[in-house]
Every structure is written in C-alpha cells, then in structure tokens.
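The points can be read alongside the sequence and the model.

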Amino acid sequence: MAVWQRWVVSALIATIVGGHLVDIASGLEHWPFSPYPMYSRAQRDWAPVMAEIVGIRRDGGELALKEPELLAPFDQARLLGALAQLGMRPDGMALVRKALVDCLARYERGRRHGAHDGPLLRALRLYHGRYVLDIAASTVGRPAARTLVLEVTDADTRS
Amino acid sequence: MAGVVARWDAYWFTPTAPTNLAIGRMVFFGLLFYLYLPYDFSGWAEVDAVFWLPTWSFAVLRLPVLEAGTLRVLQTIWKVALACACIGLATRASITTVFVVGFYLLGLPHCFGKVHHYDSMLIFVFAILALARPGDAYSVDRLLAQWRNPRPVAPSGAYTWPVRAIWVVLACVFFGAGVSKLRASGLAWVASDNLAIVLVQAQYFFGNAVPLTTAGLTLVAMPMASRILAAATVAGEVGYPLALVSRQARVVLVPGMLLMQLGIRVLLGPTFFPMMSCNVFWVPWDRVLAALGRSSRRIDGLC
C-alpha cells in the first residue's frame with residue numbers, strides 16, 4: 001500500500017476512535033458516535049413508575065398498545081422516550097397532547113389500511129403506573145396505582 | 001518512535017490474502033439484506049413534526065424528513081445496493097451507496113425521540129468497507145476480472161486493515177457501554193438488585209421488544225446469579241479492547257459478548273442483530289475454508 005493510503009487509513013481509524021472517546025468521556029451522543037448508555041442507569045426500585053399508552057375502545061374497554069404495528073413506525077420504547085423528552089419542554093403538556101393525537105390518528109389510518117387488526121378506538125390515554133415487581137411477574141398488567149396524565153379523543157384528531 | 005510506527009504498520013498493514021475480508025463482506029451484507037428487507041422506512045414521513053428531535057448529525061447537515069414516496073425509492077436503492085455488495089457486483093459503488101443512503105435511512109428513526117444503539121456502528125463499518133477493496137475475491141467483480149486477467153490476487157495490507165478497523169469499531173461500542181454503566185451507576189450496577197430488577201421488568205414489556213422466554217425470572221430466583229452476570233457483562237465490555245491485541249482474550253471476549261447480546265434478546269427483548277452481524281469479521285474464514293477442505297478430503301478418503 002502507498003504511503004498516502006496508509007495516512008488515509010490512519011486518519012479514518014483516528015476519527016472513529018477519537019469520536020467515540022469524546023462521546024464516551026462526555027457522555028453526550030453525536031450519532032453515529034455514541035457513549036452507548038443502554039441499561040447504564042442502575043435500577044434500584046422494585047416498585048417503579050412506568051409510562052403506558054392505552055387505547056380506549058368504543059365500549060369503554062382498555063387496550064394496552066404494546067405491539068409495534070399498533071404504534072408504527074414507533075416501537076414502545078422510542079415513543080415513550082419521545083413523549084418524555086417532549087414533556088420536559090416548557091410547553092410540554094401541549095406537545096405531548098399533540099403527539100398523542102398524532103398517534104391516535106396514525107393508529108386509525110393503519111387500522112383502515114389493514115396494517116393491523118386492532119379495534120376502533122375512541123380515545124388514547126397516557127398513564128403513569130406504579131408496578132410492584134415480583135420475581136414471578138404476577139403483577140403484569142395490574143399496576144398497584146395508576147395516574148391518568150392525558151387523554152386525547154378521536155374528536156381531537158379531526159380538529 | 002520508529003518502533004511505534006513499525007508496530008502500527010505491522011498491526012494494520014501486514015499483507016494477508018483477501019479471503020477474510022471478502023467472505024466477511026459477503027456474509028455481512030447478506031445478513032443485513034435479510035434483516036432489513038422487510039423494514040419499511042417510509043412510515044417516518046407520516047409522523048407529525050412535533051416528534052422531530054433530530055440527532056446531532058441530522059441537525060448539522062440539516063437533513064429533513066423526506067416524503068414517503070422518496071423514502072420508498074431510497075430504501076429500494078439501498079436494499080438493492082446491499083444485495084449487490086453481498087454478491088460483489090460493482091462492489092465499490094454498491095458499498096458507497098450503502099454508506100451514503102444508509103447514513104440517512106438508518107439515522108432517520110433516531111431523530112424521533114430516542115436513539116437506539118443496535119445499528120449506529122454499521123455506519124462506520126460501511127465507511128470502512130467503502131474505502132477498502134472487499135470485492136477483490138469471492139465476488140462477481142472478481143469473476144469478471146479473472147476472465148480478463150486470470151492471475152491470482154496477491155496478499156496485501158489492503159485486506160488487513162479493514163478487518164481490524166471493524167474490530168476497533170466493535171471495541172469502541174463495548175468499551176463505551178461498559179464505561180457508561182460504571183460512570184452512571186458505579187459498582188451499584190453490579191453489586192445491587194439492578195440486573196434482577198431489569199430482568200423482572202422486561203416481563204412487563206416496557207421495552208422495544210418482548211423477551212423470547214421467561215427464563216430471566218428463573219435466573220432472578222437464583223441468589224447471586226444476576227450479580228455474577230452483571231459483573232461478567234461489565235468486565236467483558238470494559239475488557240473488550242484486549243481482543244484487539246490478544247488472541248487468548250479474543251477467544252473468550254468475542255463469543256462471550258456475542259452470547260451476551262443473544263441473552264439480551266432472549267431474556268430482555270431488545271434485539272442487537274444488526275450489530276451482531278459485524279462479528280462475521282472476527283471469523284478467520286481462511287482457516288474455516290482450510291478446515292472444511294481437510295474434512296471434505298477426509299470424507300472423500302472414507303468413501
């Protein structure tokens with residue numbers, strides 16, 4: 001290999017390593033560089049509060065929206081992460097409301113186009129649920145306490 | 001100083017045959033083609049602008065969300081380029097297309113609220129392979145070139161550095177993940193109920209995928225098992241760069257971390273398959289082929 005080619009390769013390697021080290025040292029994310037912080041915060045609470053998005057059927061029954069096709073193109077982790085970020089802004093609740101209205105409208109579009117076979121929904125709710133975890137996972141779907149954060153209805157999607 | 005330069009040169013540019021790089025290319029792009037073929041990026045065009053929280057690179061480059069039709073065209077081009085890169089047809093052009101279009105397509109979902117960490121390293125691998133010559137063997141390009149010039153491909157440092165650079169990318173990822181855990185949580189990440197809680201919580205499905213089994217609960221029921229697993233995880237991640245220079249460390253760390261990622265899929269849910277596909281560049285394909293050749297000769301001898 002020619003000397004100039006070796007320099008190009010060395011510069012590329014230095015960029016990859018240097019970029020990653022900056023993000024690892026700072027803890028900041030400069031995609032595609034990253035400090036890769038997945039699962040880095042130690043969980044200490046056996047009764048954590050978790051956000052949940054729940055659909056309300058025409059008959060008033062609830063449907064936990066967890067399957068990716070119901071939230072597409074989001075997955076649950078990305079959607080809840082986005083809502084948490086929006087909620088931290090000064091006009092947070094208004095932004096979260098707008099985001100949920102968009103989710104309900106997208107759900108309905110997907111339903112009408114056959115992208116999923118979920119039921120017709122009249123509303124979407126964002127809850128904060130406190131789950132008492134146990135090692136048999138016997139409390140799945142049964143929060144010890146639940147707070148309604150926000151509700152949007154199909155009327156909101158038309159306005 | 002001369003000694004350092006000589007060692008640097010020896011590590012990156014010692015001439016090798018093109019086999020490992022070329023077969024790695026074939027398997028890597030084949031896996032990615034298989035993984036991404038069903039994925040439709042065009043849905044992101046229909047998400048409300050309220051969700052638009054661009055990553056640093058998308059903000060700096062002022063990359064917008066393109067219309068659904070344009071995204072569909074782009075993803076078709078990208079998937080065709082992945083297939084061409086796999087078979088080694090117009091390899092340099094295909095991989096450059098994979099890199100440029102992939103930067104946009106793979107980056108786009110991360111601009112909607114949360115950066116997942118299963119595919120960002122692919123961008124670096126694409127860049128490395130776009131600058132390398134992975135189509136010099138086991139490719140349609142090679143077949144066509146051989147027709148004009150049947151001389152065998154000579155060993156070169158050009159086939160060594162790309163494989164090792166991909167190792168470095170993986171080392172950065174794992175090392176970063178290990179350091180992030182220690183910085184955010186210290187030893188509590190290991191010496192507390194942390195992993196036990198994470199394993200139980202996964203069954204409540206608040207992540208981006210459902211765990212394949214409930215085996216995580218069995219693990220939690222065993223005293224100390226989750227702490228030992230947590231300690232092994234952090235040690236493997238922080239120690240991963242050793243695999244770059246030590247063959248013994250490589251034998252333990254590379255399969256160990258691959259198993260950890262499989263374990264995450266099985267016990268916790270999230271999938272790291274795109275990242276896992278980069279591991280094909282750790283495989284000494286030349287030795288695998290030699291071993292296969294020996295065993296097929298042995299079978300011939302038995303017949």
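**Notes on the model**

1. A:Ser10 is a residue of helix H1 of chain A. The model is a predicted one. Is A:Ser10 buried, exposed or partly exposed? A residue is buried if 20 or more other C-beta atoms lie within 10 Å of its own, and exposed if 12 or fewer do. A:Ser10 has 15 C-beta neighbours inside 10 Å and therefore counts as partly exposed. From the C-alpha atom of A:Ser10 to that of A:Arg122 the separation is 59 Å, and the two residues are 112 apart along the chain.

2. Chain A is assigned two stretches, domain 1 (1-40) and domain 2 (49-158). Between the C-alpha centres of domain 1 of chain A and domain 2 of chain A there are 37 Å.

3. Next, the contact between the chains. Chain A puts 51 residues into it and chain B puts in 62 residues. On the side of chain A that touches chain B, two or more residues each come from helix H1 (3-26), helix H3 (76-87) and helix H4 (92-112) of chain A. H1(A) supplies the largest share of that side, eight residues. Sorted by class, the side of chain A that touches chain B consists of 32 nonpolar, nine polar and ten charged residues.

4. Which secondary structure does chain B have? Chain B holds 14 helices and zero strands. The C-alpha trace of chain B spans about 60 × 55 × 50 Å along its principal axes. Of the 303 residues in chain B, 42% are buried. Contacts in chain B between residues at least 6 apart in sequence join residues at least 24 apart in 77% of cases.

5. The domain assignment of chain B gives domain 1 (18-159) and domain 2 (169-283). The C-alpha centres of domain 1 of chain B and domain 2 of chain B are 26 Å apart. Each side of their contact is made by 13 residues, 13 from domain 1 of chain B and 13 from domain 2 of chain B. On the domain 1 side, helix H2 (19-36) and helix H6 (120-131) of chain B are the elements that give two or more residues. The largest share of that side, six residues, is from H2(B). By class, the domain 1 side has ten nonpolar, two polar and one charged residues.

6. In soluble globular proteins, nonpolar side chains tend to be buried together. Here the largest nonpolar core has 94 residues, and B:Leu82, B:Val125, B:Ile166 and B:Val169 have the most contacts inside it. Helix H8 (residues 161-185) of chain B contributes most to this core, with 14 residues. Leaving aside residues up to four places away in sequence, B:Val169 touches A:Ile16, B:Met121, B:Phe124, B:Val125 and B:Cys278. A second, separate core has 17 residues, among them A:Tyr39, A:Tyr131, B:Val198 and B:Ala202.

7. How do helix H9 (residues 194-202) and helix H11 (residues 225-239) of chain B cross, and at roughly what angle? Their axes come within 8 Å and cross at roughly 105°. H9(B) and H11(B) are therefore roughly perpendicular to each other. H9(B) makes the contact through B:Asn194, B:Leu195, B:Ala196 and B:Leu199, and H11(B) through B:Ser226, B:Arg227, B:Leu229 and B:Ala230. The residues of this contact are five nonpolar, two polar and one charged.

Methods. Residues are numbered from 1 along each chain as its sequence is written. Chains are lettered from A and ligands numbered from 1 in the order in which they are written. This is a predicted model: local features need pLDDT of at least 70, side-chain atom pairs count only at pLDDT 80 or more; totals for chains, interfaces and linings use all residues. Two residues are in contact if their C-beta atoms, placed from the backbone, lie within 7 Å. Helices (H or I, at least four residues) and strands (E, at least two) are DSSP runs, numbered from the N terminus. Ala, Val, Leu, Ile, Met, Phe, Trp, Tyr, Cys and Pro count as nonpolar, Asp, Glu, Lys and Arg as charged, and the others, Gly among them, as polar. Domain bounds come from an automatic or database domain assignment. A nonpolar core is a set of buried Ala, Val, Leu, Ile, Met, Phe, Trp, Tyr and Cys residues joined through C-beta atoms within 7 Å. Axes are lines fitted to C-alpha atoms, for helices over the stretch in contact, and angles run from 0 to 180 degrees between N-to-C directions. Angles under 35 degrees count as roughly parallel, over 145 as roughly antiparallel, 65 to 115 as roughly perpendicular and the rest as oblique.
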